[in-house]
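Subject: Structure for you, plus some notes

Hi,

Here is the structure I promised to pass on. Have a look at it in your viewer while you read the rest.

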Amino acid sequence: MYSIVLEVPDQELLDGRVENRRIGAWAVSTLATDAGGWRSINRVGLPMIHPLFTQYNEDLGNRLNAGVPPTILRLLVRPSSDAVAGAVAAYGTAEDPQAYAEKVAHRFFPNILPYVVGTPAAFGFVEWNGRSLTDNAPNVMFSIAANTPISLGIGKESVTSKPSKRFPYVPVALEEVRESAA
C-alpha cells in the first residue's frame, strides 16, 4: 500500500481571503492506460460514499470515479436518495422516507469534504468540518443514511496508538520504529 500525504499551510489555502475561509476538498487517483492516457480509478471527498452507494453497482462506481463535483451531483442524487429511502423505510425511522432521503442526498453530494481553514477538524453528525485522524466517519455516514444509530464497533477508543501532534502524525511507537530502522 502506498500513500501520499500533503500538508498545506493555512495561508496557502486562504489565497488572500480573510472573511470566507470555507473550502471544499476532493481528490482523484488515476491509472495510466495502455493507450497512453490516464483513467480515473478513485474519487474521494466525503468518507464512505463508495461503500454506501456503489459497492454493488460497478457501473455507477466507475461513473462516480470519473466525475467532477457538478456531474457527481447529477449522477448520484437519484440513486442515492432511492437507496436511503429504502433503508429508512425498512427501519421505519422517518415519516416520509423519500423526503428524508432527498435531504441526505443533497447533503452527501457533490461529495466534497467541507473545511473552514484554521479551525479544528471534526466529522460528526451535526457538522462536517474536515476530518480528524480519529473521527468515526463510518458510524456517522451509515447512521445518517439509515436515520438510526449504526455502530460498526470501532471508534476513538479503538485507536490504541494516538496520532502524534506533529506531521506526519504517525503514532509515537510506530514513528520510533521507523526512525530506528533508518
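Predicted model: local features only at pLDDT ≥ 70, side-chain atom pairs only at ≥ 80, totals over all residues.

Residues are numbered from 1 along each chain as its sequence is written, and side-chain values use heavy atoms, with hydrogens and water left out.

A pocket here is an open set of points on a 1 Å grid over the protein atoms alone, where a 1.4 Å probe fits, with protein on both sides within 12 Å along at least five of seven lines; the volume is the space filled by probe spheres set on the points. Its lining (residues with an atom within 4 Å of a point) has 49 residues, and Val5, Leu6, Arg131, Ser132 and Leu133 lie nearest the centre. Elements giving two or more residues to that lining include helix H1 (10–14), strand E3 (38–44) and helix H6 (137–146). Helices (at least four residues) and strands (at least two) are DSSP runs, numbered from the N terminus. By type, the lining splits into 28 nonpolar, 13 polar (Gly is put here) and eight charged residues.

H6 also stands out on burial: nine of its ten residues are buried, so the rest of the structure largely encloses it. Buried means under 20% relative accessible area, and exposed over 50%, with a 1.4 Å probe and protein chains only. The buried residues of H6 pack against H2, H4, H5 and strands E5 (122–123) and E6 (128–129). Just after H6, Asn147 has a positive phi of about 60°.

On helix H3 (residues 58–66), Leu60, Gly61, Leu64 and Asn65 are buried. They span an arc of only 135° around the axis (taken from the directions to the C-beta atoms), which puts them on the same side of H3. Exposed Glu58 and Ala66 sit on the face turned away from that buried side.

Lastly, Asn111 is in the loop between helix H5 (97–108) and E4, and counts as buried because its relative accessibility is 1%. A polar atom of the Asn111 side chain is 2.7 Å from the backbone nitrogen of Leu46. Beyond neighbours within four places in sequence, the contacts of Asn111 (heavy atoms within 4.5 Å) include Trp26, Arg43, Leu64 and Ile72.

Cheers

Conventions:
Polar contact = N/O pair within 3.5 Å; in protein donor to acceptor, adjacent residues only side chain to side chain.
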